[in-house]
Amino acid sequence: MFLTFETAQDIARLSPQLALQPLVIPQDSISSVLVRLEPGTDPMAVSAEILRQLPGVTPITSPNMFQAYRQQMNGLLASILLVLGITLVLSGLLIGLVFSMAANERRREVGVLRAMGATRNFVLRSLLLEASILALEGGLAGISLTILVIFLFRNLIMHSFGFPFLLPNLGLLLIEILVGLVLALACVTLAAMIPAYRISHMEPALAMRE
Amino acid sequence: MIQLEKVSKTYWMNKENAIHAVLETSLEIKKGEFLIITGRSGSGKTTLLNLIAGLTRPSSGQVFLDGQDLWSLSDQQQSLIRNRKLGFIFQFPSLLPSLTALENVALPTIFNTDHTKGTATPRAVELMETVGLNDKLNAYPRQLSAGQQQRVVVARALLNQPELLLADEPTSDLDEQTETEIMDMFQQIHIITGITIILVTHSTQLVRYGSQSIHMSRGMIDSSVHN
């Protein structure tokens, strides 16, 4: 089994409570190092170089060791990314449609604001700001719901899949949350751009008409 | 103050069918006038008002406000003119439902950097008193009658001390008594401030309030009367 150092340390830290026998990993101890090569690099040449430069270390070349596993994982990752991409595009279109309907209902309000002296840019900025606030609220709600589901069902997930459910460390988790929020913000703002531009550039008299 | 030169506005339904809402109309409105525009539905009176206000671009012809061609200006300059020089009263309920009456009156100040919150609120309160609604400052539009809402709209239109007040059928949804009250209020505002008022109505009975009236038919002015 190959784990990151952080994960191995986490398992060791939790083992006194969860395992029959506690796992002890002395600090700074390394039993093996996995060397990941750039595509096209000769594993035999690297192995020979390690042997030459680090006496006492035994390099083991295993080009086929992870190949099947990696191919499976890459296939799975590609499928997940494809589904995510399609979902994102469909979500964008749906958000654009919903925002277009919502903005259309407030055409008259926009017309009145324009008559009172609001510039096209003011209206555009206001509509996009509203969309951004909604996107952040939606993103935060989604992330909160995900955390709740993971918290409530993590044991079920572990038993269903038959392997331990490990979360990345806090720093990485925060980065993932931030990326999620930025993605939600970008998706909604882009989807709202066309209807917001259309309504903000409409003649005020036309905007106020039924 | 306002000059329209051979102004037309055409709405194209499709490539062949067009509606000529206003046709080759020329008009001059002097400062301090109270102009009433009458006409039947579809005669082009609201479109003419929108053209005067710069709310719609003419298909042909020119609109001058204080000697300046409105459509030679940028959107920012036009918006500034609408904010500083014009006040609007619409036929439909135009108050923002989420704001109180006082906040609605003070709304145009968000586009006017001359006003600070310190000056906008006392001015809005003063105008609410002028229209007789000083006891409804914190009421929301849904808590006001149609007549009261229209008074708030009048107060909002006057906030930036405009030179021109444009009213599109301001009494069409009101009963006869409220209509008289609102029209009397317009007359008082005109007498006290000397502001130019252009009011569109389908009711020929309201012509008596104006200093001049024009009647529109099929997109053209077919008669003009000075009172």
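Author: Side chains of opposite charge can pair when their charged atoms come close. Here, Arg52(A) and Glu49(A) form a salt bridge with an N to O distance of 2.6 Å; the term denotes a side-chain nitrogen of Lys or Arg within 4 Å of a carboxyl oxygen of Asp or Glu. Both residues belong to helix H2 (residues 43–53) of chain A, three residues apart, about one turn of the helix. Helices are DSSP runs (H or I, at least four residues) and strands likewise (E, at least two), numbered from the N terminus.

This is a predicted model, in which local features need pLDDT of at least 70 and side-chain atom pairs count only at pLDDT 80 or more, while totals for chains, interfaces and linings use all residues. Residues are numbered from 1 along each chain as its sequence is written, chains are lettered from A and ligands numbered from 1 in the order in which they are written, and side-chain values use heavy atoms, with hydrogens and water left out.

Reader: How many salt bridges are found over all chains, and how many between chain B and chain A?

Author: The whole structure holds 11 salt bridges over all chains, and three are counted between chain B and chain A. One joins Asp75(B) to Arg114(A), with the closest N and O atoms 3.2 Å apart. On the side of chain B that touches chain A, strand E1 (2–12) and helix H2 (75–85) of chain B each supply at least two residues. H2(B) gives the most, with five residues.

Reader: What area is buried between chain B and chain A?

Author: The size of an interface is often given as the accessible area lost when the parts come together. Between chain B and chain A about 1700 Å² is buried (accessible area, 1.4 Å probe, lost by two parts on being put together, summed over both). Carbon and sulfur atoms give 66% of that area. The contact (heavy atoms within 4.5 Å) takes 22 residues from chain B and 17 residues from chain A.
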